[in-house]
Amino acid sequence: MKKKKANYEKINTFIAQDVTIEGGTLKSTETIRIDGTYIGDVICQGSLCVGETGQVKGNIEANNILVGGNVEGNLVSANETHLANTSTVVGDIRCGSFIVDEGATFEGHCKMVGNPPKSGSKKPETNESKK
């Protein structure tokens, strides 16, 4: 089975740098780019890009995740999770493949699985849930 390449080019939902959105769950079937601040969970059936100025405080589920900014929460991707050199992630990651550029900051646990859960399924287990 051929692996599908992550596509961050065709953006359907964009949260600009000067925008802050709080609460609820952001859901999309297409690609999302966040350059502003989003406080809440994100569920995306496409790809999700958190730009260099982007901040997400909440859990993220997507087919592919590219982080260039800051994320505080767990990440679940069906395919690829990529932490760019400008990124800071505090939370656990569950993904099919994991790319970390030199200079990225990651605090948490990562589990790479052959067939990760689909969106809306069980969240990754954290230290808090083990207690």
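## Cysteines

The sulfur of Cys 95 lies 4.2 Å from the closest cysteine sulfur, that of Cys 110, which is too far for a bond. A disulfide is taken here as a pair of cysteine sulfur atoms within 2.5 Å, and by this rule the count is zero. Cys 95 is buried, with a relative accessible area of 0%. Cys 44 is also buried, at 1%. Buried means under 20% relative accessible area, exposed means over 50%, and partly exposed covers the range in between (1.4 Å probe, protein chains only).

## Basis of the model

This is a predicted model, in which local features need pLDDT of at least 70 and side-chain atom pairs count only at pLDDT 80 or more, while totals for chains, interfaces and linings use all residues. Residues are numbered from 1 along each chain as its sequence is written, and side-chain values use heavy atoms, with hydrogens and water left out.

## Overall make-up

The chain has one helix and 14 strands. Both are DSSP runs numbered from the N terminus: helices are H or I with at least four residues, strands are E with at least two. Of its 131 residues, 42% count as buried. The accessible surface of the chain is about 7500 Å², and carbon and sulfur atoms account for 46% of that surface; the areas come from the Shrake-Rupley method with a 1.4 Å probe, and for residues only the protein chains shown count as cover.

Contact means heavy atoms within 4.5 Å. Among contacts between residues at least 6 apart in sequence, 12% join residues at least 24 apart.

## Nonpolar core

A nonpolar core is a set of buried Ala, Val, Leu, Ile, Met, Phe, Trp, Tyr and Cys residues joined through side-chain atoms within 4.5 Å. The largest one has 20 residues, and those with the most contacts inside it are Ile 34, Val 42, Leu 48, Ile 60, Val 67, Val 71 and Leu 75. Two or more residues each come from strands S3 (32–34), S4 (37–50), S6 (60–67) and S11 (93–95). S4 gives the largest share, five residues.

Leaving out residues up to four places away in sequence, Val 42 touches Leu 26, Ile 32, Ile 34, Leu 48, Val 56, Asn 59, Ile 60 and Glu 61.

## Surroundings of Val 89

Val 89 belongs to strand S10 (residues 88–90) and is buried, with a relative accessible area of 0%. Beyond its neighbours within four places in sequence, Val 89 is in contact with Val 67, Val 71, Leu 75, Leu 83, Thr 105, Phe 106 and Glu 107. Val 89 and Phe 106 are 17 residues apart in sequence, and their C-alpha atoms are 4.8 Å apart in space.

## Aromatic pair

The whole structure holds one aromatic pair. Phe 98 and Phe 106 form this edge-to-face pair, with 5.7 Å centre to centre and 70 degrees between the planes. Rings of Phe, Tyr and Trp (its six-membered ring) pair if their centres lie within 6.5 Å; planes under 30 degrees apart count as stacked, over 60 as edge-to-face and the rest as tilted. Phe 98 is partly exposed at 22% relative accessibility, and Phe 106 is partly exposed at 27%.

## Salt bridge

One salt bridge is found in the whole structure, the term meaning a side-chain nitrogen of Lys or Arg within 4 Å of a carboxyl oxygen of Asp or Glu. The side chains of Arg 33 and Asp 35 form a salt bridge at 3.1 Å, N to O. Arg 33 is partly exposed, at 26% relative accessibility, whereas Asp 35 is buried, with a relative accessible area of 11%.
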